Amino acid sequence: MVNGLAAVVFDIDDTLYLERDYVRSGFGVVSRAIAPDAGAPPLSVFETLWGLFESGARGDHFDSLLREYPEAASRWSVRDLVALYRGHEPDIALLPHMEPLLDELKGRGASLAIVSDGNLASQVAKVTALGLDRWFEEICLTDAWGRDYWKPSTRAFRHVAATLGAEPPNLVYVADNPHKDFLAPLHLGWGVTRLRLPGQLHVEVNCENVPEASSVEQLSDYLLAHSGPGL
Ligand SMILES: [Mg+2]
């Protein structure tokens, strides 16, 4: 393979699908579960949660929810709600135009893999809901090794490169979060591409020195231009 990408490695959250859709899906499950004990319709509970999320609350929205609905707090703990949220079967879908891109890359013989952080049970549920086994020959969920190996650890990237039998510079990582996603692959000499879309949690974060695609179509143009039939 000359002048092409032997392997394309993707993040999951806010790269293959929009993370806010997972949050919406999980909040729906939690709202329906506690509504009978909260003395409020599920939609009201959901709107409380969604309002917290939209106003930037991260990590403590279930504490705030139970303060808002003290009747529910006598039956449910934050830990219960987190377990419900992480264990639910998410109602999520690939971004528009992502499926044909994955089909095309696979059809051209590119090796496809995943490197993704996040609670292991949640990430496994997302992999299942999105049907990722269809395209990806290696799905590396870093939480299986523990939080020390979440990005920016290089372990998952070294593991994936070895498993796919690919070496820099014929590896590219496609992801969304400048705070943590690109440090390890850049350190290892990989190519990187940031997918930056409205609705992503980190869309406002600016970042120099990482090429950006502002749509899945633009990402497709870039990846397909670098993955010729000679792959
Ligand atoms: Mg992400």
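Let me start with a term: a residue is buried if 20 or more other C-beta atoms lie within 10 Å of its own. By that rule, 36% of the 231 residues in this protein count as buried. And note that this is a predicted model.

Overall picture next. We have 10 helices and 6 strands. The C-alpha trace spans about 65 × 35 × 35 Å along the principal axes. The radius of gyration is 19 Å; a compact globule with 231 residues would come out near 17 Å, so the two agree. Take contacts with a separation of 6 or more. Of these, 66% join residues 24 or more positions apart.

Now the domains. Domain 1 takes in 7–18 + 92–225, and domain 2 covers 20–87. Their C-alpha centres sit 29 Å apart. How many residues of each are in contact? On the domain 1 side, 8; on the domain 2 side, 6. The side of domain 1 that touches domain 2 has 4 nonpolar, 3 polar and 1 charged residues.

Last stop, helix H10. H10 runs over residues 216–225, and its buried residues are Val216, Leu219 and Leu223. Why do they line one face of the helix? Look down the axis of H10: the buried residues fall within an arc of 55 degrees, so they share one face. Turn to the other side of H10, and Glu217 and Ala225 are exposed.

What covers the buried residues of H10? The cover includes helix H6 (98–107). It also includes strands S1 (7–10), S4 (171–175), S5 (191–195) and S6 (212–213).

Methods. Residues numbered from 1 in each chain as written. Predicted model: local features only at pLDDT ≥ 70, side-chain atom pairs only at ≥ 80, totals over all residues. Buried ≥ 20, exposed ≤ 12 C-beta atoms within 10 Å, placed from the backbone. Helix = DSSP H or I, 4+ residues; strand = E, 2+ residues; numbered from the N terminus. Arc of directions from axis to C-beta. Contact = placed C-beta atoms within 7 Å. Rg over C-alpha atoms; globule rule 2.2 N^0.38 Å. Domains from an automatic or database assignment. Nonpolar A, V, L, I, M, F, W, Y, C, P; charged D, E, K, R; others polar.
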